[in-house]
Amino acid sequence: MTRTGSGRAARRLLLVHAHPDDESLMTGGTIARYLAEGVDVVVVTFTLGEEGEVIGERWAGLVADGGADQLGGFRIGELSAALAALSPPGAPPLQPRFLGGAGRWRDSGMAGSAAAEHPRALVSAPLDEPVAALLAELAALDPQVVVTYDEAGTYGHPDHRRVHEVTAAAIARHVESTGRPVKVYESITEASALDEGLRAAADRVPTGWRMPEPGELPSYPDDQITAQIDVRDVYDRKVAALAAHATQVTVAPSGTEYALSNDILQPIGAVEHFRRVDGAAAGGRETDLFEGLP
């Protein structure tokens with residue numbers, strides 16, 4: 001790992017996510033690839049995912065609604081296991097970081113959920129508070145690249161939308177105060193890659209699962225993709241990380257698809273897609289998020 005005079009790695013990547021499992025679902029291969037390349041990778045998770053729907057009966061009593069409300073603490077362990085799975089063999093495992101510390105902000109639940117009224121709900125926090133906490137993370141790492149969500153929060157979850165909002169505000173303040181630009185990417189799904197993955201899986205849908213309806217899974221037109229990261233060399237680590245989130249994710253026996261608690265099949269991509277949004281133009285698709293940096 002090449003380091004600067006400050007002791008930091010020469011390449012530094014910050015990924016922000018709303019709940020444990022989002023990092024593996026959306027960017028697991030990217031995390032694993034850059035860890036393998038010696039990049040200083042930090043994953044900041046905004047909540048503990050307390051409102052998640054648990055798959056199966058073993059841990060069903062941990063849920064917030066009518067249960068023990070212990071799911072958030074349990075998911076810290078799942079996130080730790082997932083990040084360890086994404087880390088290179090023999091290297092110290094990547095450790096989870098939670099915005100403002102574990103439990104500072106709470107999962108707000110899906111749109112319209114009563115969880116949004118909780119006094120620690122992320123969506124209810126004054127914007128400046130999570131922005132200040134993320135500014136501290138930016139100052140500590142000083143990343144050249146940040147990965148976040150799109151304005152829609154991928155599929156509309158209020159916490160995902162808030163992560164987008166907080167990250168945009170924090171990066172703007174960070175760049176203004178430091179004078180150093182940051183490459184900013186949104187993690188998105190390429191429409192043709194999604195279609196290809198679904199066609200390949202059509203004859204191996206596990207019992208109890210279903211294929212998505214047309215347009216049910218969010219994706220972007222191919223011409224809006226500005227970067228693609230090939231994660232074939234670390235694909236097995238990505239699959240292992242998904243499997244570590246067992247309360248939230250079921251990996252198909254094929255190892256090439258997964259489903260959430262809704263039992264809708266989704267392909268596990270060997271290429272992850274992004275859209276650059278910091279205003280800098282790039283010629284063609286980038287294949288490295290650090291492309292163009294010294």
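## Ground rules

Residue numbers start from 1 along each chain as its sequence is written. Because the model is predicted, local features need pLDDT of at least 70 and side-chain atom pairs count only at pLDDT 80 or more, while totals for chains, interfaces and linings use all residues; side-chain values use heavy atoms, leaving out hydrogens and water.

## H1 against H7

Let's start with helix H1 (residues 22-36) and helix H7 (residues 235-244), which pack at about 135 degrees with their axes 9 Å apart. That angle makes H1 oblique to H7 (angles under 35 degrees count as roughly parallel, over 145 as roughly antiparallel, 65 to 115 as roughly perpendicular, and the rest as oblique). Axes here are lines fitted to C-alpha atoms, for helices over the stretch in contact, with angles from 0 to 180 degrees between N-to-C directions. Helices (H or I, at least four residues) and strands (E, at least two) are DSSP runs, numbered from the N terminus.

As for who touches whom, Ser24, Leu25, Gly28, Gly29, Ala32 and Ala36 in H1 meet Arg237, Lys238, Ala241 and Leu242 in H7, with contact meaning heavy atoms within 4.5 Å. By class, that contact has five nonpolar, three polar and two charged residues (Ala, Val, Leu, Ile, Met, Phe, Trp, Tyr, Cys and Pro are nonpolar, Asp, Glu, Lys and Arg charged, and the others, Gly among them, polar).

## H1 against H2

H1 also packs with helix H2 (residues 71-86), at about 40 degrees and with the axes 9 Å apart. H1 and H2 are therefore oblique to each other.

On the H1 side, Glu23, Ser24, Gly28, Ile31, Ala32 and Leu35 meet Leu79, Ala82, Leu83 and Leu86 in H2. This contact of H1 with H2 has seven nonpolar, two polar and one charged residues.

## The cores

The largest nonpolar core has 31 residues, and Leu14, Val16, Val44, Phe46, Leu99, Leu134 and Leu138 have the most contacts inside it. A core is a set of buried Ala, Val, Leu, Ile, Met, Phe, Trp, Tyr and Cys residues joined through side-chain atoms within 4.5 Å; buried means under 20% relative accessible area, exposed over 50%, and partly exposed in between (1.4 Å probe, protein chains only). Strand S1 (12-17), H1, strand S2 (40-45), helix H3 (128-141), helix H5 (158-178) and H7 each give two or more residues to this core. H3 has the largest share, five residues.

Another core, of 28 residues, lies apart from it and includes Val41, Ala82, Leu83 and Phe98.

## Out on a loop

Ala111 sits in the loop between strand S3 (97-98) and H3. Ala111 is exposed, with a relative accessible area of 63%.
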